[in-house]
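Please walk through the chain contacts of the model shown here, taking one interface after the other.

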4 protein chains.
Amino acid sequence: MSVMNEKKSLSRAERQKIQLRTDIIETASAEFAERGYHQTSISDIAQRLGIGHGTFYRHFKNKRDILDHVIDDVSSKIANTLLNENAPGAVNSLDDYREQCLRISKQLANIVRDNPNTARLVLLEATSIDPEMTQRIMGFFDWAAKLVSAYMEHGVKLGFFREDLDAEATGHVIVGLIMTSALSFLRSPDDKAMQKRMADAVLRILVDGIGA
Amino acid sequence: MSVMNEKKSLSRAERQKIQLRTDIIETASAEFAERGYHQTSISDIAQRLGIGHGTFYRHFKNKRDILDHVIDDVSSKIANTLLNENAPGAVNSLDDYREQCLRISKQLANIVRDNPNTARLVLLEATSIDPEMTQRIMGFFDWAAKLVSAYMEHGVKLGFFREDLDAEATGHVIVGLIMTSALSFLRSPDDKAMQKRMADAVLRILVDGIGA
Amino acid sequence: MSVMNEKKSLSRAERQKIQLRTDIIETASAEFAERGYHQTSISDIAQRLGIGHGTFYRHFKNKRDILDHVIDDVSSKIANTLLNENAPGAVNSLDDYREQCLRISKQLANIVRDNPNTARLVLLEATSIDPEMTQRIMGFFDWAAKLVSAYMEHGVKLGFFREDLDAEATGHVIVGLIMTSALSFLRSPDDKAMQKRMADAVLRILVDGIGA
Amino acid sequence: MSVMNEKKSLSRAERQKIQLRTDIIETASAEFAERGYHQTSISDIAQRLGIGHGTFYRHFKNKRDILDHVIDDVSSKIANTLLNENAPGAVNSLDDYREQCLRISKQLANIVRDNPNTARLVLLEATSIDPEMTQRIMGFFDWAAKLVSAYMEHGVKLGFFREDLDAEATGHVIVGLIMTSALSFLRSPDDKAMQKRMADAVLRILVDGIGA
DNA sequence: GATGAATGAGGTTTCATTCAT
DNA sequence: AATGAATGAAACCTCATTCAT
């Protein structure tokens, strides 16, 4: 059997197993987001999926375990977006930067729009499970801040950002702004106008500040 | 006993009762923040206070009830700070505004520093209890955003903010920045240097943006 | 102080104490009947009376204790009625007997009408408290049955009851009929017509049976 | 496996489940009757059965729920007896009626003898649980009274009951007599002689009254 | 003597997890 | 491999009773 086939020719059973695993993660994510982690029982998830609740334990160690996987999922999704869309070398002017910001923010907006549950889970639920999870979420924010910092530094070096810009701190601030936008979206997912105004306000603040 | 004294001279029993009530709120707040709302049992709170757990129920209807009171407490504290420190008429230039921002942010920083538990509770725990509480927290943020918006509009009128500033959206963004700062503080409460850098970064962004 | 005065000249305090005791019994009786013994808390009784619930324990040993007193009250009331109204020697014919039955049943009906709560308490609640109380209620019924039996025997001796009448068993049956009537009253206290029909039906059965 | 067998051949698991359910009802019934509903905890029932108390909740929604099922059980048992044994058309004389009374009372006596717990539960406990349950018990008595009334009317029509018999009221009275007998049995289940005397006394009263 | 604050035993119920089928 | 019956830890909450004021 060729290497190429190895991935394709999973047995039907194996494919089903992987599919179920994915289904469980998605359903769990939805339930956790809708009802809250503590208010969701394993039975709730199983019932929604139409499987026996014992089956859950064939795929995940315990209730806490699945949360890790749910967070894994969304983390890598966001991380990929940021990494793919950010080509530091490609940005050579404030305008380029603005372009890139717009592009990234649209991507992130899409992720949030397509996965409101996971966004809600990360921003509203996950920080209350236990210290480890809180740490993880914070760590992810830190990672994102670091990434942003690198771009800040690049921009400072190239001279289209203020020379005295505190790249690290500003990175954190920008991540905070992104989360604020996401939160705002979650509050009124259908108010497109407000979403655009928020995005614009953030961008204008970043580029021009609020001063006259 | 004079009429004037009547209010001061609560009976010893009454004073003790009020004191215990306050103690319970504080202890509950601490436990909720440290271990999380769901991980904290009424017995935990009672034990830490050295009282019987039945005593708790003489002062609060149930577990959920005390959360409301804890949130009440911190809400009014923050609201008072914002209302007292903000004298819209007094701000007549960008410099005045910067001054006021510094003053308010210091006040808020103090609140967060003095009540890290409640801050942690509001920012990390409260949004996962139930929809009502989430709504309440969000509503509080909205209220703060409205307040900030009013100042933005004032500044626009007086001409020291950009004429095309979207006051409402910007209000939300600024509240988001404040929360980001608070969250940052909670992550490393002892890193004064970082706290100052964050505050500066926020202020600089607001005043100047990040552009060169 | 004369013997006569001893009863009259209780101190004000003593009179108040006795009054409160009576009030507690009455209120407890009402609450027990309305909400049920187990569903009624000492606080409920105290609150309804407008006294502190600690005060209760100055007058009664515990919750169970008051039930005994409530039952005492109603027992002696009923017992007195039966004893006073029944003058065995006075009944010398079936018609006399019918008269007496009517008289007694009216008296009992009055008691039940005036104390529906205690009736409800005895018939519906008291037998579920504990074996002792059940025993007591049953014992009271037995006592009443004995009393009735004596009259039966008297009537048999005088020849206006069947010679082969089983006085003891019939006594029990008649007490059962009385309780049935009382229960019927409790179900629809305002349906006077039905009450009369029940009383008539009982009387006719006793005197004539149901046969043609 | 044939289609016919499908209904009979419940899986072993299903049969066990139904068996346990029945066992729980019986044990609960016994405990409620022996110790009283309020004095019985779910743990008591579970312990007596040798199961974990959580298991109880897999079969019944809550403590109140099982009471309903227990009452369901006994209600339908009694109802069936009355309905099966009563063939209105078959009774055409007072003697026939006396025969039928004897037959029915024996059947009921058997039920009470075989299920003293449920009898005790219905007569002594159930009326103190809550208004709904009291209503239910009373409603059942009403239903039985209606049934008896129908027979009374039949007898009046055929002329072997008094023409002026108040069928409805008498129906209630007779149900009361039945309950009185049952109660008497519960007091001394082993005194067969007394039970016979009670039954005879009731029958004689019904047929002949007590007069000479 | 009256009060009501404090207490904790005791009860109900939920649900994550295990394991026999 | 899937199931769901069984389990009991653990939480919430009530309330009879005590006792200091």
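**Chain contacts**

In the interface of chain D and chain C, 46 residues of chain D meet 46 residues of chain C, contact being heavy atoms within 4.5 Å. This is a predicted model, in which local features need pLDDT of at least 70 and side-chain atom pairs count only at pLDDT 80 or more, while totals for chains, interfaces and linings use all residues. Residues are numbered from 1 along each chain as its sequence is written, chains are lettered from A and ligands numbered from 1 in the order in which they are written, and side-chain values use heavy atoms, with hydrogens and water left out.

About 4,100 Å² is buried between chain D and chain C, with 58% of it on carbon and sulfur atoms; buried area is the accessible area (1.4 Å probe) that two parts lose on being put together, summed over both. There are 8 salt bridges across the interface of chain D and chain C, a salt bridge being a side-chain nitrogen of Lys or Arg within 4 Å of a carboxyl oxygen of Asp or Glu. One of them pairs D:R197 with C:E168 at 3.2 Å, N to O.

Chain A and chain B also meet, with 46 residues from chain A and 46 residues from chain B in the contact. The area buried between chain A and chain B is about 4,100 Å², and carbon and sulfur atoms give 58% of it. The count of salt bridges between chain A and chain B is 8. B:R197 and A:E168 form a salt bridge, their closest N and O atoms being 3.2 Å apart.

Other pairs do not touch. Chain A and chain D share no contact, and their closest C-alpha atoms lie 13 Å apart. Chain A and chain C do not touch either, with nearest C-alpha atoms 31 Å apart.
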